[in-house]
Amino acid sequence: MREKIIKNIPLDYINTFITNLNMQSSIWVLYLAYCGMNLAQIGMLEGVYHATSIIFEVPSGAVADLLGRKKSMLLSRLCIAISCVLMMVSNGFWMFALSFVIQALGNNFNSGSEEALVYDSMKYLGQEEGYVGVNGRLNMLIEISQGIATVAGGILAEYSYFWCYGACVVIALLAFLPVAFMTEVPMEERGEPSVMGEIEENGGKKSIRKLVAEHFRTSLHILKSDARICKVIVYYSMVFAATTLMFFYSQQYYSDLGYNKIQISLILLLISGVSCLGAMLSEKIYGKTGKKIAFIGGFVIATTFLCYGVRNVYLAVAAFAVAQFLNSVLYPVQSLSLNELIPSEQRATLISVSSMFFSIAMILCFPIAGAFADRWGLGRVFFGLGILLILLVAGAGMIATPKKG
């Protein structure tokens, strides 16, 4: 068993690389605009995505905890493939919304599952202390893969959006392979009850419902009993929602400045390279600063939004690079902060709770930002968000960042 579980980490490196060859990530805002959606509608579609995440994030985390991380990850790949097919054939808001719902469900099945499988594998092997390094390398692979996908997606989309989304379907199906060869850490090794044992003993579906209900009650108790978990979740949700909004709406921002899809993809490639550097240096930066980097990084990210208000492409690209660099630095710190506080048997569920809070932040800011951008332009909206984020980070950063150790 140990020999098989050792392979989980390199297999997840392969899985991460393939999964993040996501060509639509650099063009989906432009594609929806091409299909007649305005920025308010695009924001609403992103809101649909995150509303779905809120509804299904915690149940999908429970599926991962109780029925298996591997099965949950395989379901994720299937949903992503179906979502891409729907994007290819949709011609109206509600069909696009259905695609976003299925895509969100697919990402829900993966979000807590993959992270929990990797951490539990390292814990089983007695290598938890190396988790920040592994997480940093995974994020580096994400940035490399997304960089390749960004350029490829921009080139394909410049000629045909159909070919871009067709490639996304193929990649989603290829992502089945590394997951299929992974090995689940046994529940008894994670300190969890055997779900199948409960079925045999108590008789079918009713016992699973009781087990899920107990699982949620325990998770809620942990959230109530340890305020540090809530502080970590709320703070990082706020910061990561801001950087995500910047990344996606930057597609339209640079298009408004007169750049075509290939040029925009090259800008995003540069940003991916900087983000990759952030992922590579995250462990070293964390080692020197500790968790103080959470507040410092959040404040600097907030100031980068102000640069977009100037509508100077060089200043905007520089600000974009700084924000995404710090986002990559902060992500492993957030992951470690949560995993240090969360018991193994509720790990996937509470990681999913973190994703749910992120979704709430996105539902609030994405459609509103899009509606204001339709009226006043993205530059002014980014500037306003920068001021708001500075105030929020200054007010919440210190108390939301857990003490080192």
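These entries record what I looked up in the structure, element by element.

**Basis of the entries**

I worked from a predicted model, in which local features need pLDDT of at least 70, side-chain atom pairs count only at pLDDT 80 or more, and totals for chains, interfaces and linings use all residues. Residues are numbered from 1 along each chain as its sequence is written, and side-chain values use heavy atoms, with hydrogens and water left out.

**Overall composition**

I found 17 helices and zero strands in the protein. Helices (H or I, at least four residues) and strands (E, at least two) are DSSP runs, numbered from the N terminus. Of the 405 residues, 56% count as buried. I took buried as under 20% relative accessible area, exposed as over 50%, and partly exposed as in between, with a 1.4 Å probe and protein chains only.

I then looked up contacts, which are heavy atoms within 4.5 Å. Among contacts with a separation of 6 or more, 87% join residues 24 or more positions apart.

**Nonpolar cores**

I treated a nonpolar core as a set of buried Ala, Val, Leu, Ile, Met, Phe, Trp, Tyr and Cys residues joined through side-chain atoms within 4.5 Å. The largest has 95 residues, of which Trp 28, Leu 32, Tyr 254, Tyr 308 and Phe 382 touch the most other members. Helix α12 (residues 227-256) gives the most to this core, with 17 residues. Another core, of seven residues, lies apart from it and includes Tyr 119, Met 122, Tyr 131 and Leu 138.

I listed the contacts of Leu 32, leaving out residues up to four places away in sequence: Met 37, Ile 42, Leu 45, Met 87, Phe 96 and Phe 100.

Helix α14 (residues 293-308) has 16 residues and reaches 23 Å from its first C-alpha to its last, close to the 22 Å expected at 1.5 Å a residue. The expected span is 1.5 Å times one less than the number of residues. I found Tyr 308 among the buried residues of α14, together with others including Phe 295, Gly 297, Gly 298, Ile 301 and Phe 305.

Ile 301 is also one of the contacts of Asn 327; the others, beyond four places in sequence, are Phe 240 and Thr 243. Asn 327 is in helix α15 and counts as buried at 17% relative accessibility.

Arg 311 is in the loop between α14 and α15 (313-341). I noted its phi near 60 degrees, a positive value in a residue other than glycine. Most residues other than glycine have a negative phi. Arg 311 counts as partly exposed, at 41% relative accessibility.

Ile 5 is in helix α1 (residues 2-6) and is buried, with a relative accessible area of 0%. Beyond four places in sequence, I found it in contact with Ser 121, Tyr 124, Leu 125, Thr 183, Val 185 and Pro 186. Ile 5 and Val 185 are 180 residues apart in sequence, yet 7.1 Å apart C-alpha to C-alpha.

Glu 114 is in helix α6 and is buried, at 14% relative accessible area. Its contacts, not counting residues up to four places away, are Asp 12, Asn 15, Thr 16, Met 73 and Arg 77. I also noted 6.7 Å between the C-alpha atoms of Glu 114 and Arg 69, which are 45 residues apart along the chain.

**Salt bridge**

I counted a salt bridge where a side-chain nitrogen of Lys or Arg is within 4 Å of a carboxyl oxygen of Asp or Glu. A search of the whole structure finds one. Its partners are Lys 261 and Glu 158, at 3.8 Å from N to O. The pair links distant parts of the chain, 103 residues apart: Lys 261 in helix α13 (residues 261-289) and Glu 158 in helix α7 (residues 131-159). Glu 158 counts as partly exposed, at 31% relative accessibility.

**Nonpolar surface patch**

Val 85, Val 89, Met 95 and Leu 98 form a nonpolar patch on the surface, with about 320 Å² of accessible area together. Helices α5 (69-89) and α6 (93-124) are the elements that give two or more residues to the patch. Patches are made of residues with over 30% relative accessible area and no salt bridge; like charges are joined within 9 Å, and nonpolar side chains (Val, Leu, Ile, Met, Phe, Trp, Tyr) within 5 Å. I placed Leu 98 in helix α6; Leu 98 is partly exposed, with a relative accessible area of 40%.

Methods
Areas by Shrake-Rupley, 256 points an atom, 1.4 Å probe, with all protein chains shown as cover.
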